[in-house]
Amino acid sequence: MTATPLVSPDEVALSQKPAQEVNGRLRRVSRRAAHEPSTDRGIVSTADWRRTRVRFPLVTLHLILLIVLIIAGLLPILWLLKSALTSTQDTLTAPLAIFPHGITWDNVAQAFGVNIQIQNYFLNTIWVAVGEWVVQIVVATTGGFALSVLKPKYGRFISGLVLATLFLPAVVLLIPLYLTILHPLVIGGSLLNTFWAVWLPSGASAFNVVLVMRFFDGLPREIFEAAETDGAGPFRLFWSIVLPMSKPIIGVVTVFAVINAWKDYLWPMLVLPGGVNPASVQPLSVRLPNIVGQTELGPLIASLAISTLIPIILFLIFQRTFLSGGGFGGAVKG
Amino acid sequence: MTTSSERIGARAAKPGTPRGRVRRTPATWVKRGGLANLIFLLPLLLIFGMFSWWPIIDSFVISLQHTNFVVTTWADPFWSNFTFVLNDPTFWIAVRNTGYFALLALIFGYPLPIVLAVLMSEVKRAKAVFSVLAYLPVVIPPVVAVLLWKTAFYDAGRTGVFNTILGWFHIPPQPWIQDTVTAMPSLVLEATWAAAGGTIIIYLAALTNVAPELYDAAEVDGAGIWKKIWHVTLPQLRGILLITFILQIIGTAQVFNEPYLFTKGGPVQSTTTILLLIYQYAFQSSDGGSNLGAATALSLMLAAFLAILSALYFRATKGWSQN
């Protein structure tokens with residue numbers, strides 16, 4: 001790395017500066033810096049942060065960044081909420097005016113009315129999420145327990161088969177999975193237009209199994225052995241020891257199960273076409289595109305806003321789970 | 001390390017048997033925990049078997065058949081579904097469109113999260129606020145996001161949301177998704193907005209793992225901010241950058257929601273992607289029937305292409321990912 005003449009003299013100048021300037025504030029800052037460990041720093045060093053020449057452009061840049069993030073992240077949601085409470089006419093003529101003719105609850109009332117019946121689809125979405133959650137938790141915890149705690153001889157082979165599906169593009173499964181739903185192997189009859197069509201396939205998530213297995217691998221073996229010495233069989237071990245210890249990972253799987261159930265579109269659209277009574281099975285994601293053509297903008301926006309509430313509330317409550325990078329798989333799925 | 005099954009097995013072994021082994025009978029198998037193993041594995045085996053492993057095998061079978069939900073016959077010659085797809089002019093349009101989408105998404109969507117994450121990692125106060133704001137678009141359900149952009153933001157009239165904003169700067173209203181030229185970039189714009197937050201969070205997590213001593217050392221060598229980013233930050237992110245790059249390509253090659261919900265592939269097939277074509281083959285063929293064989297053949301070709309691409313990619317970048 002070549003030394004840039006620009007920086008080194010500045011660094012030297014900086015180290016002399018506090019001694020020359022008799023400025024109380026500056027001296028106080030520098031004394032604090034002396035105690036600061038260097039682990040706290042990022043790309044810009046703590047020393048550089050105190051220099052106006054570095055600090056001013058950086059803070060300005062961060063302010064611009066904050067404004068950009070507010071525009072991209074917050075404003076669309078605020079616009080959605082605002083327009084849900086604005087008459088269609090106002091939204092169409094002046095989309096960016098804030099309540100030009102006051103707040104109206106008409107749109108929301110229509111969303112809950114006979115034509116849209118948003119509440120039915122809302123409940124369907126919750127039902128889809130709850131069922132998917134149960135299936136995913138059962139498959140991931142029992143499977144993870146067998147593969148990473150009980151470890152039968154053929155376990156490695158099964159782990160390999162599960163892992164292999166992790167790298168499989170979802171598109172390969174689309175048609176054969178649809179045919180499986182039409183003619184299930186063992187069960188018989190068609191699962192089309194039943195919640196089972198979305199519940200059961202959601203359990204085949206290699207991501208969940210890997211996540212749970214990795215967590216179980218980290219649990220202390222001594223506890224399992226102690227439990228065994230005390231006469232606990234595998235069922236007792238699973239129910240009374242492993243499951244209670246697994247609350248953190250079950251929480252992570254739960255949050256992503258619910259959010260993904262809310263986000264899924266292509267699969268529920270294929271297997272829940274609705275038939276005679278779409279209100280009995282379709283979740284919001286499948287219903288909303290179907291009402292676009294026959295609904296005025298205002299009630300549509302209100303429906304969109306209502307559909308977004310639960311995911312946003314969940315996100316704000318479970319921020320840490322989302323922002324810890326644990327959702328790698330979900331985040332890059334697109 | 002003793003696993004429970006071994007311990008139970010050890011207890012069951014009779015002292016008289018040679019080398020401590022018991023004869024294998026169903027009873028000893030149950031005693032050794034074999035039954036319990038199987039009971040715990042049952043949900044996983046059933047669900048993965050029915051909804052993952054079997055469909056994968058089945059897809060090879062279906063690709064060699066002519067199926068329309070009613071009648072099923074073997075394809076003759078057996079590769080005829082594949083040749084049908086390759087001879088379909090729409091297939092080549094879909095390939096071009098998907099490539100175009102992936103390319104635009106790389107140009108706009110790949111560097112953006114890197115830049116934003118590096119900037120955000122330097123924020124000292126209220127860092128969480130930045131992360132939450134960046135992640136908000138990811139939380140909005142994709143269908144809601146697309147419909148919001150479609151019906152309001154991309155409204156091609158003078159009073160559409162985006163066109164109103166453009167009007168402030170005296171830029172004429174744009175047709176957005178209603179024109180063959182602007183449709184695809186409009187789709188990419190929304191997709192980038194919707195996905196960037198997720199990638200930013202991944203990069204932010206990786207950035208906290210960069211050892212501060214490396215920056216200290218770089219400064220001793222006289223590196224400025226840009227040199228530190230170029231010679232320390234980016235090389236430290238190299239592993240994750242390589243993975244997100246190929247994952248983004250794999251993801252965009254399978255894009256469905258945006259082209260289906262925004263434009264149904266139009267105008268004039270300008271946004272028909274491969275996944276949309278698979279959907280059309282299977283569920284809305286022009287002749288009213290459905291061609292599941294062709295749809296599955298195309299799925300397999302796409303999967304094979306992505307597998308080969310990933311393999312080549314990881315081989316080519318093998319040396320780069322190590323420090």
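A crossing of two helices is right-handed if the near helix is turned clockwise from the far one by less than a right angle.

**Entry 1, chain A overall.** I am working with a predicted model. I looked up the secondary structure of chain A and found 19 helices and 0 strands. Chain A has 334 residues, and 38% of them are buried. I then turned to its contacts between residues at least 6 apart in sequence: 69% of these join residues at least 24 apart.

Next I picked H11 (residues 206-218) and H14 (residues 247-263), both of chain A. Their axes come within 10 Å and cross at roughly 165°. Angles over 145 degrees count as roughly antiparallel, so that is how H11(A) and H14(A) run relative to each other. Back to my opening definition: this crossing is right-handed. Which residues make the contact? From H11(A) I noted A:Asn208, A:Leu211, A:Val212 and A:Phe215, and from H14(A) I noted A:Ile249, A:Val252 and A:Val253. Sorted by class, the contact has 6 nonpolar residues, 1 polar and no charged ones.

How many residues does each chain bring to the contact between A and B? I wrote down 97 residues from chain A and 95 residues from chain B. On the chain B side, helix H3 (residues 34-62) supplies the largest share, with 18 residues.

Definitions and conventions
Residues numbered from 1 in each chain as written. Chains lettered and ligands numbered in written order. Predicted model: local features only at pLDDT ≥ 70, side-chain atom pairs only at ≥ 80, totals over all residues. Contact = placed C-beta atoms within 7 Å. Helix = DSSP H or I, 4+ residues; strand = E, 2+ residues; numbered from the N terminus. Axes fitted to C-alpha atoms, helices over the stretch in contact; angles between N-to-C directions. Parallel < 35°, antiparallel > 145°, perpendicular 65-115°, else oblique. Nonpolar A, V, L, I, M, F, W, Y, C, P; charged D, E, K, R; others polar. Buried ≥ 20, exposed ≤ 12 C-beta atoms within 10 Å, placed from the backbone.
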